[in-house]
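Please walk through this structure from its overall makeup down to a few single residues.

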Amino acid sequence: YHTVVSHIHINTMLRTRVTTLATRMVTHRQQQRRGFFDYLTNYPDKVMEKKAIQMKGGVCLGAENPTWLKQSSDKMVSYFALFIAATGLTLAVRGHYHMAYGIGKKE
């Protein structure tokens with residue numbers, strides 16, 4: 001008798017738990033907001049607009065007119081990348097110098 005009652009109790013608990021989880025999943029799906037991800041996936045297609053800007057210079061490309069500096073924000077991105085690279089190189093050289101001469105050791 002005791003095992004039958006415990007099996008019925010366990011089955012009732014499992015059924016209740018599964019129903020609760022299913023309800024949560026359905027509710028969660030309805031309430032989910034993906035503002036940032038929707039912006040990334042529904043981003044307007046501007047390929048032809050950017051292509052026209054790139055092609056505006058025609059075939060006049062070279063050292064004085066590089067392709068990677070055509071957009072208005074390209075110079076800022078290039079300066080930022082150069083700054084990051086220069087900072088990393090400076091810190092690496094400084095670290096090697098300090099290790100080579102034992103500067104800043106803790107006794």
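Overview

Of the 107 residues of the protein, 3% are buried, where buried means under 20% relative accessible area, exposed over 50%, and partly exposed in between, with a 1.4 Å probe and protein chains only. The model is predicted, and local features need pLDDT of at least 70, side-chain atom pairs count only at pLDDT 80 or more, and totals for chains, interfaces and linings use all residues. Residues are numbered from 1 along each chain as its sequence is written, and side-chain values use heavy atoms, with hydrogens and water left out.

The protein has four helices and zero strands, which gives the pattern α-α-α-α along the sequence. Helices (H or I, at least four residues) and strands (E, at least two) are DSSP runs, numbered from the N terminus.

Helix H4 covers residues 74–101. At 1.5 Å a residue, its 28 residues should span 40 Å, and the end C-alpha atoms are 41 Å apart, which agrees; the expected span is 1.5 Å times one less than the number of residues. Of the 28 residues of H4, the number buried is one, so the helix lies largely in the open.

Asp74 is in helix H4 and is buried, with a relative accessible area of 17%. Not counting residues up to four places away in sequence, Asp74 touches Trp68 and Leu69, a contact being heavy atoms within 4.5 Å.The structure also holds one aromatic pair. The ring centres of Tyr97 and Tyr101 are 4.9 Å apart and the planes are at 50°, so the pair is tilted. Rings of Phe, Tyr and Trp (its six-membered ring) pair if their centres lie within 6.5 Å; planes under 30 degrees apart count as stacked, over 60 as edge-to-face and the rest as tilted. Both tyrosines, Tyr97 and Tyr101, lie in H4, four residues apart, about one turn of the helix. Tyr97 is partly exposed at 46% relative accessible area, while Tyr101 counts as exposed at 61%. Just after H4, Gly102 takes a positive phi of about 70°.

Elsewhere, Phe36, Phe37, Tyr39, Leu40 and Tyr43 form a nonpolar patch on the surface, together giving about 590 Å² of accessible area. Patches are made of residues with over 30% relative accessible area and no salt bridge; like charges are joined within 9 Å, and nonpolar side chains (Val, Leu, Ile, Met, Phe, Trp, Tyr) within 5 Å. A salt bridge is a side-chain nitrogen of Lys or Arg within 4 Å of a carboxyl oxygen of Asp or Glu. Leu40 is found in helix H2, residues 35–41, and is partly exposed, with a relative accessible area of 48%.

Note on methods: Accessible areas come from the Shrake-Rupley method with a 1.4 Å probe; for residues, only the protein chains shown count as cover.
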